[in-house]
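Please read the points below alongside the sequence and the model.

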Amino acid sequence: MVSALLTAAGIGSRMGQDIPKQFIHVNNKPLIVYTLEAFEQHPSIDEIVIVTLPNWIDVVRAYAMQFNITKLKAIVPGGETGQESIHNGLMNIRERHEGENPIVMVHDGNRCLVSAEIISNSLAVFKKHGSAVAAIPCVEAVFFSEDDGASSVTSIPREQLYRTQTPHTYTLEKLLWAHDMAKEQGITNTAASCTLMQALGETVYFSKGAEKNLKITTTEDLEMFEVLLNTHTQNWLK
């Protein structure tokens with residue numbers, strides 16, 4: 001059993017729009033639906049659970065019916081933080097799969113261009129190592145600043161740096177263990193499961209990510225998404 005847990009409970013304050021970013025329409029389709037469709041269409045995904053804002057639950061349910069998202073099994077209200085929202089989703093999965101230990105793929109609802117290849121590779125790495133976190137190598141020169149980005153005298157070798165994305169794939173049992181430990185140790189507001197696992201001493205195993213797998217957070221991200229959505233790879237490119 002593979003459950004896709006999509007997080008869509010943010011208010012989108014950095015976008016500065018009248019509605020949360022995950023519900024903005026592009027080409028007459030809400031952003032969250034693009035993400036839902038990616039998991040709906042992947043043969044290895046058995047069910048989808050989405051965590052969203054309480055006032056938008058009925059809207060998500062209506063979208064699922066409109067766009068024929070048949071794998072959506074639960075719509076769960078989010079919490080005060082991203083960490084709480086993920087925990088709410090995990091508890092829903094546990095309640096519906098009592099006595100089981102399904103694979104859970106946690107994914108940002110506003111990473112709308114997650115590909116079938118990324119999902120498949122995440123599951124492959126999980127099968128090998130017991131966990132998987134999508135990541136891409138850092139290609140820019142990176143500096144460390146101690147004055148809020150005004151200046152720097154320290155660079156960090158980019159060859160050793162990786163930018164994590166989602167999905168993050170673990171067993172339900174492992175994710176619940178991490179959230180229980182976070183509560184015991186006073187770790188709060190850690191929405192990235194990989195960061196939480198690292199803080200608890202766990203090794204993070206990387207699966208395939210992609211630049212196209214961008215997280216839509218700002219209006220600039222939205223513009224890039226629209227361009228990528230309407231771009232097709234040229235046949236001559238290897």
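Predicted model: local features only at pLDDT ≥ 70, side-chain atom pairs only at ≥ 80, totals over all residues.

1. Charge. The protein chain carries 19 positive and 27 negative side chains, and the centres of these two sets lie 7 Å apart.

2. Overall fold and dimensions. The protein chain contains 7 helices and 11 strands. Its radius of gyration is 18 Å, close to the 18 Å given by the globule rule for 238 residues, so the chain is as compact as a globular protein of that length. Taken along the principal axes, the C-alpha atoms fill a box of roughly 50 × 45 × 40 Å.

3. Burial, contacts and surface. Of the 238 residues in the protein chain, 47% are buried. Where contacts join residues at least 6 apart in sequence, 74% of them are between residues at least 24 apart. The accessible surface of the chain comes to about 12,900 Å², and carbon and sulfur atoms account for 49% of that area.

4. Helix H1. How many of the residues of H1 are buried? The count is 10 of 10, so this helix is largely enclosed by the rest of the structure. The buried set runs through Leu31, Ile32, Val33, Tyr34, Thr35, Leu36, Glu37, Ala38, Phe39 and Glu40, and a reader checking the model may wish to note that Glu37 and Glu40 are included in it.

5. Helix H2. In H2, which spans residues 57-66, the buried residues are Ile57, Val60, Tyr63 and Ala64. Seen down the helix axis they fall within an arc of 120 degrees, so they line one face of H2. An α-helix has 3.6 residues a turn, so residues three or four places apart point the same way. On the other side of H2, the exposed residues are Asp58, Met65 and Gln66. The cover over the buried residues of H2 includes helix H1 (31-40) together with the strands S2 (25-26), S3 (29-30), S4 (47-52) and S5 (72-77). After H2 comes Asn68, which has a positive phi, near 60 degrees.

6. Helix H7. The buried residues here are Asp221, Leu222 and Phe225. They cover an arc of only 100 degrees around the axis, which puts them on the same side of H7. Glu220, Glu223 and Val227 are exposed on the face turned away from that buried side, while S2 and H1 are among the elements that cover the buried residues. Thr219 also belongs to H7, which spans residues 219-229, and with a relative accessibility of 39% this residue counts as partly exposed. Although Thr219 and Lys21 are separated by 198 residues in sequence, their C-alpha atoms are 9.2 Å apart in space.

7. Is Leu5 buried or exposed? Its relative accessibility is 0%, and because buried means under 20%, Leu5 counts as buried. The residue is found in strand S1, residues 2-8, and, leaving aside residues up to four places away in sequence, Leu5 touches Val49, Val51, Ile86, Gly89, Leu90, Val104, Met105, Val106 and His107.

8. Trp56. This residue is found in the loop between S4 and H2. Leaving aside residues up to four places away in sequence, Trp56 touches Ile19, Pro20 and Phe23. The C-alpha atoms of Trp56 and Gln17, which are 39 residues apart in sequence, lie 16 Å apart in space.

9. Backbone geometry to check. Which peptide bond is cis? The bond from Thr166 to Pro167 is cis, with omega near 20 degrees, and Pro167 is placed in strand S10, residues 162-171. Asn27, which lies in the loop between S2 and S3, has a positive phi near 55 degrees despite being a residue other than glycine. Asn189 likewise is not a glycine and has a positive phi of about 55 degrees; its place is in the loop between helix H5 (172-185) and helix H6 (193-199).

Notes
Residues numbered from 1 in each chain as written. Heavy atoms only, no water. Helix = DSSP H or I, 4+ residues; strand = E, 2+ residues; numbered from the N terminus. Rg over C-alpha atoms; globule rule 2.2 N^0.38 Å. Buried < 20%, exposed > 50% of the residue type's maximum accessible area, 1.4 Å probe, protein only. Contact = heavy atoms within 4.5 Å. Areas by Shrake-Rupley, 256 points an atom, 1.4 Å probe, with all protein chains shown as cover. Lys, Arg positive; Asp, Glu negative; His and termini not counted. Charge placed at Lys NZ, Arg CZ, Asp CG, Glu CD. Arc of directions from axis to C-beta.
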